[in-house]
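Here is a short briefing on one protein chain. Please look over the sequence and the model before reading on.

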Amino acid sequence: MKRLAWLTIGLVALAVSACAPQATVRNDVMPTLISVTVPNEPGGTVVLQGRYFGDGFGGEADDSYVLVGANMNGEGGVQAEVTMWSPTRIEFVAPERAGSGFVFVVVGGVRSNGLPASLP
């Protein structure tokens with residue numbers, strides 16, 4: 001009788017765990033750029049805030065980078081040298097030749113929305 005009770009408890013636990021929600025990691029989420037804070041003088045730090053930036057391997061990943069001075073379609077511009085990269089914040093020194101245009105974050109080859117910025 002005890003064995004049947006333990007077997008029943010085990011089957012119920014298995015059935016309940018099969019119905020529990022499962023965490024799924026997705027790598028195809030589009031990074032979202034929310035704000036761009038531009039310094040007042042050349043050589044200052046530009047701060048990007050948003051979501052789904054991943055870790056960008058500290059700005060060292062081949063397929064994760066920041067593009068500044070691009071047109072609204074993400075063409076042209078220059079890659080920024082990132083000094084800090086987290087899932088929600090990226091910092092970099094404003095490149096001298098970037099000028100005005102759009103800023104994009106590319107994470108794992110997936111480009112974010114662009115925001116306009118005039119760098120000093």
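Which residue in strand 6 is the bridge partner of V46? The partner is F92. This is a predicted model, in which local features need pLDDT of at least 70, side-chain atom pairs count only at pLDDT 80 or more, and totals for chains, interfaces and linings use all residues. Residues are numbered from 1 along each chain as its sequence is written, and side-chain values use heavy atoms, with hydrogens and water left out.

**Confidence**

- The protein chain has a mean pLDDT of 82. pLDDT is the predictor's confidence in each residue, from 0 to 100.
- In the chain, 72% of residues reach 70 or more.
- Confidence is lowest in helix 1 (residues 2-19), at a mean of 59.
- Confidence is highest in strand 1 (residues 32-37), at 97.

**Overall layout**

- The protein chain holds 1 helix and 9 strands. Helices (H or I, at least four residues) and strands (E, at least two) are DSSP runs, numbered from the N terminus.
- Along the sequence the pattern reads α-β-β-β-β-β-β-β-β-β.
- Of the 120 residues, 31% count as buried. Buried means under 20% relative accessible area, exposed means over 50%, and partly exposed lies in between (1.4 Å probe, protein chains only).
- A contact means heavy atoms within 4.5 Å.

- An open sheet of 4 strands runs in the order 1-2-6-5, with antiparallel pairing. Two strands pair if DSSP finds at least two bridges between them.
- Strand 1 and strand 5 are the edge strands, and each pairs on one side only.
- From one strand to the next, the twist averages 20°. Axes are lines fitted to C-alpha atoms, for helices over the stretch in contact, and angles run from 0 to 180 degrees between N-to-C directions.
- Strand 2 and strand 6 pair in the antiparallel sense over 5 bridges.
- Strand 5 and strand 6 are also antiparallel, over 3 bridges. A hairpin joins them through 3 residues.
- V82 stands opposite F92 in strand 6. M84 has E91 as its bridge partner in strand 6.

**Pairing of strand 3**

- Strand 3 joins strand 7 through 4 bridges, and the two run antiparallel. V66 has V105 as its bridge partner in strand 7.
- Strand 3 also joins strand 4 (residues 78-79), by 2 bridges and again antiparallel. Here L67 stands opposite Q79 in strand 4.

**The nonpolar core**

- The largest nonpolar core has 19 residues. Such a core is a set of buried Ala, Val, Leu, Ile, Met, Phe, Trp, Tyr and Cys residues joined through side-chain atoms within 4.5 Å.
- L48, V66, V68, W85, I90, F92 and V105 touch the most other members.
- Strand 2 (45-51), strand 3 (65-70), strand 5, strand 6 and strand 7 (100-107) each supply at least two residues of this core.
- Strand 7 gives the most, with 3 residues.
- Leaving aside neighbours within four places in sequence, V105 contacts residues including P31, L33, L48, F53, W85 and I90.
- In soluble globular proteins, nonpolar side chains tend to be buried together.

**R89**

- R89 lies in strand 6 (residues 89-93).
- R89 counts as partly exposed because its relative accessibility is 29%.
- The side chain of R89 makes a polar contact with the side chain of E91, at 2.9 Å. A polar contact is a pair of N or O atoms within 3.5 Å; within protein, one must be able to donate a hydrogen and the other to accept it, and residues adjacent in sequence count only if both atoms are side-chain atoms.
- Beyond its neighbours within four places in sequence, R89 is in contact with V47, L48, Q49, F53 and M84.
- R89 and S35 are 54 residues apart in sequence and 9.7 Å apart in space, C-alpha to C-alpha.

**Two loop residues**

- S86 lies in the loop between strand 5 (82-85) and strand 6. S86 counts as buried because its relative accessibility is 19%.
- Not counting residues up to four places away in sequence, S86 touches F53 and G54.
- Y52 lies in the loop between strand 2 and strand 3. Y52 is partly exposed, with a relative accessible area of 48%.
- Phi of Y52 is near 60°, a positive value in a residue other than glycine.
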